[in-house]
Amino acid sequence: MKINELKNQRIMIWGFGIEGEAILSQLISNQISDVVIYNDNELSSEKILEHKKHKFYFGDDINDLINNVDVIIKAPGVSIYKKEIQNAISKGVKITSSSNIFISEAKSQNPNSKIIAVTGSKGKSTTSSMLYYILKNMNKDIVFGGNIGLPLISLINKKHDFYICEFSSYQAADLMVSPDITILTNLFPEHIDWHLTHENYYSDKVNIFKHQKESDISIINARCNKSNDYVKSTNNIRYFNDKSGFDVIQDAIYYREEKLLSLKDVKLEGIHNLENITAVLTVVNELGLDLQKAIEEIKTFNSLPHRLENIGEFYGVEFINDSISTTPETAIAAIKSFGNKNKILILGGYDREQNYKILADFINDRDDIKTVITINQTANRIAEELKICKKINTLNIGDLEKAVNSSFENSNEGDMVIFSPAAPSYEVYKNFMERGDLFTKFVKGYKKWRY
């Protein structure tokens, strides 16, 4: 759906965070004024006053609003499976999103540009950020937005040669148009609260490929079986992490038997990041850009905050902030990233009915994990899964600050504490950034003489 199609329509914006405000700004700039705003929860009086020309509705107002609008532009957090959304569709209300509007407009206004999307259950933020960093340093006309970066709708009317876009499953689920190049890093069970089932999650994730044109390119992880199961019908597949192209062998990246770089050459922790690099190099190769220049830029790329972030050594103990971790698989990847050094783990967060047995089995097979501290909603479930192993000290603490204090008490000089929650931040924290910032604050604020 394009901006012009919204004119003379009664529009409701559903969800008024950063994305919702960007949607409203774009509508206003296009002289579209018949707009109401709905948010599930009441907003601050300051925000309402800031947009006093528009009417705000909350809570049960949604049922009446549905009968009085033609189009709903929803924020990513609003599930397409909500009964109110399904009710609106049944009444003939058109449902769209800022991602749909952005891709439609960009392809129309700037057909020679390339929209490069990155999605996946893990690794999408690092991969998209790395790709942006490399192309920016190669002096390409480029902009970055989506799940991180600028809201996509704010990029309309800003012409660039390349748009690097990170897409969450929420943003991919209702796309009616596909990007020019799409990377799928991998697929693992996620976000059951939004998608209702894991099957829906997988299907919604790969919906990003559904409306491809013949010239569009799909870049897929050859060693992720789930990805390959779900993308068989996509166009022009290029594989990464595969011997036919850029491949990870032990701790190095090869291109058709030629060694390009090793893990020790980059600033990123963990073998899994080599897979992200092979995805990036596959895009660089597809675009016909200087591969050697890209490799040199990769060597200078730093990890993002809250992603295997080493926040320092305190009282002889090293602390790792991996608050971005929201699945058992990401926690496993974090643990693998740091060799055999003795580890204390802090795990737990919002309960999304994920299977923690695979994480527990992995932990129980390790000799380098001495203590596991569990917190928040999933604390009990993770602790229960770990009970079968007598050699690991499991502490069900429940609170992040107390967990940090306990990690100091249960560690020795030379140990490492890894905060990789394996669960979302919802309910307790605003987002994973707030959670990671608090972890860092508690670590840096700890005084050993207290205990």
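Which residues of helix H9 (residues 198-206) are buried?

Reply: This is a predicted model. In helix H9, the buried residues are Tyr201, Tyr202, Asp204, Lys205 and Val206. Each of them counts as buried because its relative accessible area is under 20%.

H10 leads on to a pocket. Helix H10 (225-230) gives two or more residues to the lining of the second largest pocket. So do helix H11 (272-286) and helix H13 (328-336). H13 supplies the largest share, four residues. The lining has 18 residues in total. Nearest the pocket centre lie Lys122, Phe188, His272, Glu275 and Lys336. By type, the lining divides into five nonpolar, seven polar and six charged residues. The space in this pocket is about 370 Å³.

His306 sits between helix H12 (291-298) and strand E15 (309-314). Its relative accessible area is 6%, so His306 is buried. The side chain of His306 makes a polar contact of 2.9 Å with the side chain of Asn321. Beyond its neighbours within four places in sequence, His306 touches two stretches of the chain. One holds Asn321, Asp322, Ser323 and Ile324. The other holds Phe432, Met433, Gly436 and Asp437.

Strand E13 (residues 252-255) and strand E14 (residues 258-262) pair in the antiparallel sense, over four bridges. Ala252 has Ser262 of E14 as its bridge partner. Two residues lie between the strands of this hairpin. Arg256 takes a positive phi there, near 50°. Glu257 is also in the loop between E13 and E14. With a relative accessible area of 77%, Glu257 is exposed. The cut-off for that label is over 50%. Glu257 and Lys159 are 98 residues apart in sequence. In space, C-alpha to C-alpha, Glu257 and Lys159 are 39 Å apart.

Conventions
Residues numbered from 1 in each chain as written. Predicted model: local features only at pLDDT ≥ 70, side-chain atom pairs only at ≥ 80, totals over all residues. Heavy atoms only, no water. Buried < 20%, exposed > 50% of the residue type's maximum accessible area, 1.4 Å probe, protein only. Polar contact = N/O pair within 3.5 Å; in protein donor to acceptor, adjacent residues only side chain to side chain. Contact = heavy atoms within 4.5 Å. 1 Å grid on protein atoms, 1.4 Å probe; cavity = no way out; pocket = protein on both sides within 12 Å on 5 of 7 lines; lining within 4 Å. Points joined across faces, edges and corners; volume = space filled by probe spheres on them. Nonpolar A, V, L, I, M, F, W, Y, C, P; charged D, E, K, R; others polar. Pairing = 2+ DSSP bridges.
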